[in-house]
Amino acid sequence: MVIVHHQELHRSDPCVPIMDRKQGYDIELMSSTSKVEHDLWPLDGIDSKNSKFPCCLVWTPLPVVSWLAPFIGHVGICREDGAVLDFSVSNFVNVDGFAFGAAARYVQLDREKCCFPPNMSGHTCKRGYQHSEYGTAITWDDALRSSARNFEHKSYNLFACNSHSFVANCLNRLCYDGSMDWNMITVVALVIIKGHWVNNMSIIRSFLPSTVVLCLGLVSVGWPFLVGLFSFSILLMGWFLLGTYCFKTLLER
């Protein structure tokens, strides 16, 4: 209230020094910026029975592909109300209906590690210019909406533009953990390293099919099947590593 009167005095009195005007403006700007950055409304708890995972990354195995390579799956990112957004078909981002089944793993992210700049000078990250060029947001859900609009014009491709690409785009828009280098590989690593299983059934659902395929292959074909399966996994990992770090235009992020 004091700031408002102070500014009105500045506007009406041309004799007020410019330095005083600037100080009054800076105080108001700092107060406004602080409110936007730190006024984070409390989240509800994780409710796996109703598929609500506020501000989480969620993962589920893919049919057939995960049977051959269990580390490959489908990921989504959740709004503050817990609804999942995921990219699984061309030109469409699914909302609150996770494709390929219920979430098996989740990682809850910290909104305090995001950068929500209200203006060009309000960045809390060290990548201000790059962040502005990429696209910023003022809230968590705003970032997800912007990425969803972007991916509504993209074609889905398991090997080039998939659910991991969408999640990486959201994390880059949030400048999560001060990084603008989120990609398919770092998203996979985050889920594997920090992910929590939803329940014991999720573990069984994720690894039982691949175990059955492995056993059947060894019984019917023998060791050549194991060699072929291992080669498939190596080729798959090699493609994503090369596409991410060597030929950066191949994969969407």
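**Close-up views of the predicted model**

**View 1. Helices H8 and H9 are oblique to each other.** Oblique is what remains once angles under 35 degrees are called roughly parallel, over 145 roughly antiparallel and 65 to 115 roughly perpendicular. This is a predicted model, in which local features need pLDDT of at least 70 and side-chain atom pairs count only at pLDDT 80 or more, while totals for chains, interfaces and linings use all residues. Residues are numbered from 1 along each chain as its sequence is written, and side-chain values use heavy atoms, with hydrogens and water left out. The axes of H8 (residues 200-220) and H9 come within 6 Å and cross at roughly 135°; axes are lines fitted to C-alpha atoms, for helices over the stretch in contact, and angles run from 0 to 180 degrees between N-to-C directions. On the H8 side, look for Val213, Leu214, Gly217 and Leu218, which meet Trp223, Phe225, Leu226 and Leu229 of H9 (contact: heavy atoms within 4.5 Å). Seven residues of this contact are nonpolar, one is polar and none is charged (nonpolar: Ala, Val, Leu, Ile, Met, Phe, Trp, Tyr, Cys and Pro; charged: Asp, Glu, Lys and Arg; polar: the others, Gly among them).

**View 2. Helix H7 packs against helix H9 at an angle of about 125°.** Here the axes of H7 (residues 184-194) and H9 (residues 223-245) are 9 Å apart, and the angle makes H7 oblique to H9. Met184, Ile185 and Thr186 of H7 meet Phe240, Leu241, Thr244 and Tyr245 of H9. The contact of H7 with H9 has five nonpolar residues, two polar ones and no charged ones.

**View 3. The largest pocket has a volume of about 360 Å³.** A pocket is an open set of points on a 1 Å grid over the protein atoms alone, where a 1.4 Å probe fits, with protein on both sides within 12 Å along at least five of seven lines; lining residues have an atom within 4 Å of a point. Its volume is the space filled by probe spheres set on the points, which are joined across faces, edges and corners. Of the 22 lining residues, Phe71, Ile72, Val188, Leu236 and Phe240 lie nearest the centre. Strand E2 (73-78), helix H6 (163-174), H7 and H9 each give two or more residues to the lining (helices are DSSP runs of H or I with at least four residues, strands runs of E with at least two, numbered from the N terminus). The lining divides into 17 nonpolar, five polar and no charged residues.

**View 4. Asn91 sits in the loop between strands E3 (84-89) and E4 (92-95).** Leaving aside residues up to four places away in sequence, Asn91 touches Phe151, Glu152, His153, Lys154 and Ser155. Tyr156 is 65 residues from Asn91 in sequence, yet their C-alpha atoms are 7.5 Å apart. Asn91 is partly exposed, at 43% relative accessible area (buried: under 20%; exposed: over 50%; partly exposed: in between; 1.4 Å probe, protein chains only).

**View 5. Asp96 and Cys175 have a positive phi although neither is a glycine.** Most residues other than glycine have a negative phi. Asp96, with a phi of about 60°, lies in the loop between E4 and strand E5 (105-108) and is partly exposed, with a relative accessible area of 43%. Cys175, with a phi of about 50°, is found in the loop between H6 and H7. At 1% relative accessibility, Cys175 counts as buried.
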